[in-house]
Amino acid sequence: MFTNIPKLGEIQREIITSVYINVYWTFLYHLSGLVEICLMHPLDVVKTRFQIQRCATDPNSYKSLVDSFRMIFQTERLFGFYKGILPPILAETPKRAVKFFTFEQYKKLLGYVSLSPALTFTIAGLGSGLTEAIVVNPFEVVKVGLQANRNTFAKQPSTVGYARQIIKKEGWGLQGLNKGLTATLGRHGVFNMVYFGFYYNVKNMIPVNKDPTLEFLRKFGIGLLSGTIASVINIPFDVAKSRIQGPQPVPGEIKYRTCFKTMATVYQEEGICTKKQLFSFLGGAVMLLVYEYTYSWLQENW
């Protein structure tokens, strides 16, 4: 009657195994995100600067991509490209853990519903993105504010000091450390929905290549294409987020307050500024490659 009850030693081994697996997964999440941050943050700074400037009407506009790199290096030196890097690093472990863990959990939950694999991946991606956005939004508010600061790195406030300044002046709510939450939900939700849905469905359709180099190129190409499509679709949310969380055009006057109104205002006044979509797709390819290859290594050596 009770023959199926595991012995105490077996329970202990399961607990220990579970702890080790969680440690490995945490390492996996953090490594994939950390590599992406170190490689992509200078490009993220440039992207944010382009998103908060008002195209040709902004007196501080960068004329081109080359001009932006030149101006940042001349006025802010090398460390100018790494402004606001601490919040993403601090948020990386919980952010990646939430992204991939919730994606897997949503997939399991959706397994109880009669859905096609394509729809399952897409909905699971949307759910993971919305959950991730709630975790990451306060870090994004601090990051965008620091990236928008054009002073030299030495004159810039510290990450903790800037966060305290926001909390003291505007609080923790939707006007303070969590402003732009709707835009962040849209950005991460739409991105992950397209990103995971497209990546896993296309990857399953293209056969695995036995040649390691060609297999790397297969995954990189699919990841790059997934990130590109997801980034193009979520651009309006990303721009709205940067405008709401960044400095307002007129000090003391809030022009960009809500997500969809900000999108409408930007479109009416500036049309479509293609420079605002710079490089978002590259980070997606890097992240999935690091994630997949680290995951494969852990499976082989576990």
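Modeller: Of the 302 residues of the protein, 46% count as buried, where buried means under 20% relative accessible area, exposed over 50%, and partly exposed in between (1.4 Å probe, protein chains only). This is a predicted model, in which local features need pLDDT of at least 70 and side-chain atom pairs count only at pLDDT 80 or more, while totals for chains, interfaces and linings use all residues. Residues are numbered from 1 along each chain as its sequence is written, and side-chain values use heavy atoms, with hydrogens and water left out.

The secondary structure comes to nine helices and zero strands; these are DSSP runs numbered from the N terminus, helices being H or I of at least four residues and strands E of at least two.

Now the pocket. Rolling a probe the size of a water molecule over the atoms shows where empty space is left. A pocket is an open set of points on a 1 Å grid over the protein atoms alone, where a 1.4 Å probe fits, with protein on both sides within 12 Å along at least five of seven lines; lining residues have an atom within 4 Å of a point. The largest pocket has a volume of about 750 Å³, a volume being the space filled by probe spheres set on the points, which are joined across faces, edges and corners.

Its lining has 27 residues, and Glu170, Lys179, Ile244, Gly246 and Gln248 lie nearest the centre. By class, twelve are nonpolar, ten polar and five charged; Ala, Val, Leu, Ile, Met, Phe, Trp, Tyr, Cys and Pro count as nonpolar, Asp, Glu, Lys and Arg as charged, and the others, Gly among them, as polar.

Helices H5 (159-170), H6 (181-205), H7 (212-245) and H8 (259-270) each supply at least two lining residues. The largest share, five residues, comes from H5.

Two of these helices, H7 and H8, pack at an angle of about 100°, with their axes 9 Å apart; axes are lines fitted to C-alpha atoms, for helices over the stretch in contact, and angles run from 0 to 180 degrees between N-to-C directions. H7 and H8 are therefore roughly perpendicular to each other, the term for angles of 65 to 115 degrees. On the H7 side the contact (heavy atoms within 4.5 Å) includes Pro236, Phe237 and Ile244, and on the H8 side Cys259, Phe260 and Met263. By class, this contact has nine nonpolar, one polar and two charged residues.

How values were computed
Parallel < 35°, antiparallel > 145°, perpendicular 65-115°, else oblique.
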